[in-house]
Amino acid sequence: ALAAALSRDAPPVLAAVAVRWDRFLAGRATPALLSAFGRPGGAGGKASRRAEAAGAVAAATRSLSVAEVLELVHRTAGATADADTPLLEAGVDSLGAVELRNQLQRAAGDAVPLPSTLVFDHPTARQLASFFSDKGAPPVAAAAATPSHASARAAEAVCAAGLSATLPEGVTTLEAARAVAATGGNVVSEVPADRWCPDELQFPDELIARRVRHGGFARGIDRFDNACFGISAAETAVMDPQQRILLERGYESLHGAGLKRTTLIGTTMGVFVGIGTQDFAFLVTNSPLASSVYSATGSSHSIASGRLSYILGLQGPCASYDTACSSTLAAGHAALRATQLGECSGGVVAGVSLMLLPSLGTSFATAGMTSARGRCHTFDARADGFARGESCCALTLLSHAKSESSLVSTGSCVRQDGKSASLTAPNGKAQQALLEAALVDAGSTCDDLSCVEAHGTGTSLGDPIEVGSLAATLLAGHGSITAVGSIKANAGHAEAAAGAAGLLRLGLKLVTDQASPNAQLRVLNPHVASAIESVRVLHQTQLATTWEGGNATRLGGVSSFGYSGTIVHHLLTISGDDVAVPWGPSLRFKRTLFAWRQKPETKATEKVGYFATEWAPVASAAADPSQEARVLLVGDRRGTLAAALGRSVARRAESGSASELREAGALDGVVLVAPPRAAAALGSIASALTIVQWQMDLPAAVPVWVCTHLTQPVASVRRSSSEHAGLWGFARACLQEAAGLPLYNLDLDFGCAQSLRGAAELVRSRAVASEDGFVHGLRVGPAAENEAALRGGSMKVPRLVSTRSASLNVAFAPLCELLDAHMSDAVRALEDLPQVTDAHEVLERAVRHDIARALSGLDPSAIPKWHHRLLYEWCAAIEPPTEPASYEDVLAVSPRLWPEVGLTQRCASQLAAALLGTVAYQELLFPGGSMELTLPVYEDAVNARFYNECVVAAVDSIIASLPAGRFLSVVEVGAGTGGTAS
């Protein structure tokens, strides 16, 4: 139609159409009228946007000679270097690199901004001069030349199966790993007491001490099931814990891939291990274990892989790789190639890294590589280095004929940084060539790339260089969205095992169609932001789906960049529909303690940096058999509890209505049983509300028992459900408003007779009571708990616990006095409080006016979801204002309400669409995952700033009472607390 309209004799045509001309004209002859929009080369040309960008640089910058660049180097940093010496080795530090880039910008012209990573991408004077003489043109494609037989290899499908992992803080199951990823969880903590005590170490300055205080630490690494693998206790005691955990996770991976131990003997299955740290070897050298006959093999890296092959009788390729942070992906590359070329029938790929001594971390801290804040702030403006972490992850690669798994390892590439700015500095050009070569190896293009699990250590320059190389690769495509994140923000940098952890999270992303939030991202690093201006890269801060439609390619990549210069990129994809996460069931090992050091004695006054809430087993109060409670049983349609309660059931009711409660007469308690179907959960909450209102009106309140089914994820039982979570939350909310109310939550296994009998005993006792004692090393006194979970014959209650005894000596009376004084001063400082109050009244009128306008043309029957209909009913009950107001009127009264006005305007204009479900609430509040609109409400609004400053005053007071160098953990509870914490 367009061609006909542009022909010589065509009649006049007028049309308005939204068109991406660069896409529309790709591969077509470009008419003269549209020449400004076409790609160079017409129908046969497929020049990338990189070339167009280079042309812009060429037109706007002047050439600089090597001599001119060297003169600027000398003038800026006082350094003298020859043309081929990396400038960072010649004395140009990071600040000098920034200043040199600014000097080069002024010398070359300001028309086109130079990248902030210029000196790192072109680390010598000759390369910088070449950049300006070539006007920023991209390197010839020889750097990313197609590997030989790449297309043939790509046709060899190699499936990934048997995911297995040990991550920090006890994350060892699929459910736990998904929960940490989906919620942006953080499993980095202070150094636990069973590793080392930072306070007992000597450091040159306080900054270095702060950099070694945190890390991601795995649990239970001093335990091992040696009998399962036929290893004597004497040999096990001298084995590096890294070897032990590799055996467990490696075998678990093979088992999860459907390979039985009896069928593995004599096969050509390979073992490919990434491993780096040697802490255990240093421990053995300085201990009596050094005299053991097993000490030579116990801490050898070559034995780490060889032992697994030996024990399982595998005769395929077997090797351990140490390329620093890229070790596991280098091992994975070898496994992929060996499987594709038929050298082995498949292979287990595993990576492990444990921290047993502080020495290596101290070296990193002294070099300024680790974070003083104790987190990997990946892509964030706060990025100041990485936090070390532990992990052991494994997966099994199999040829397609060997497995029905649909998670496919489709391509990989290993490269080297070469002559970068320094031995350990990254090279953006090399990273770009690596990504392109990996895509070629997979037979894919950058348009297929849906998500990338970045190296993303959280350094102020490393992150922009990595994102810049990714952006340069994506410029060759047509603008598809690529979600970028890194598990290091959740669990720390696992170093040699980092690639394995990245493969694990990428597999979860691809299979679940969900890109996990960037856990530490609050404000995007401005250098990262500038690097992605021309591409559609998504740094999500909440769960995001990036595959639009059922036909979109789900291809993802993992990057690992070793500080030795060895860099690797690995690609995974999904084949087929309804793909399950290839994570097999965890094996049950009978593990025995094999400690490598004597655990320190815990002092009663020692302060603790971290706690956890756990369902702790306790002994319940015994029921008095002479007492028989008289209860009303509500909602027990299946008779689940009726038999256990027996004669205690005075009456049964369907819904617990007010009339049923009145007719029941005198009662010793009410038992509400949650419905078996989630669809009826809302009705049970309504019943609970009626019962609690009746309970609060009584002269002497009787106990009310809310019984749910497997709502709480108690560790001893893996099954749990969220169907009754709303009912549980309702009971907690009631206890917040009336703390002394005898209202009890009981979480039962309705299919277990022991659990039901335990519930009946508690109802007859008319209270939940627990004995005093120690829970995980923390002393707890006798307390009446309002919540209990009954599993089998045991009762568990929620307790704040720690791995060691705890006491925090903070004088709270002076703290309260300080806060009272602060609040009085803060109130007096609000000189414009009357104007702010008046402005809020005007804002309310403006909102009521917008609600009435949004509902005026809305058909309630068109609202699809019940919670949207509930919101509609609430909005319909709001009276329109007698005197309408605008948002301009609000700001005229008090400009300080700009945060509320900005967010309200956006949401009010889309209220009707939100009720109809065509616009998501999250997208209104966080457009594109950005917090730009929401964060000011929590940080800059008048009331937010008032309360935030109160919190700051309290925290400052507590910190002042702590010993120097100690950290205070601030637990954020509730929405918006991130603004307070920041």
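Analyst: The side chains of E235 and R307 form a salt bridge with an N to O distance of 2.9 Å; the term denotes a side-chain nitrogen of Lys or Arg within 4 Å of a carboxyl oxygen of Asp or Glu. The model is predicted, so local features need pLDDT of at least 70 and side-chain atom pairs count only at pLDDT 80 or more, while totals for chains, interfaces and linings use all residues. Residues are numbered from 1 along each chain as its sequence is written, and side-chain values use heavy atoms, with hydrogens and water left out.

E235 belongs to helix α11 (residues 233-237) and R307 to helix α16 (residues 301-312), so their pairing ties together parts that are 72 residues apart in sequence. Helices (H or I, at least four residues) and strands (E, at least two) are DSSP runs, numbered from the N terminus. E235 and R307 are both buried, where buried means under 20% relative accessible area, exposed over 50% and partly exposed in between (1.4 Å probe, protein chains only).

A further salt bridge joins E169 to R219, with the closest N and O atoms 3.2 Å apart. E169 sits in the loop between β1 (158-166) and α9 (174-182), and R219 in the loop between β3 (214-215) and β4 (223-224), so this pair links parts that are 50 residues apart in sequence. E169 is partly exposed at 26% relative accessible area, and R219 is partly exposed at 45%.

Salt bridges also link E190, D199 and R213 in a network. The structure holds 25 salt bridges.
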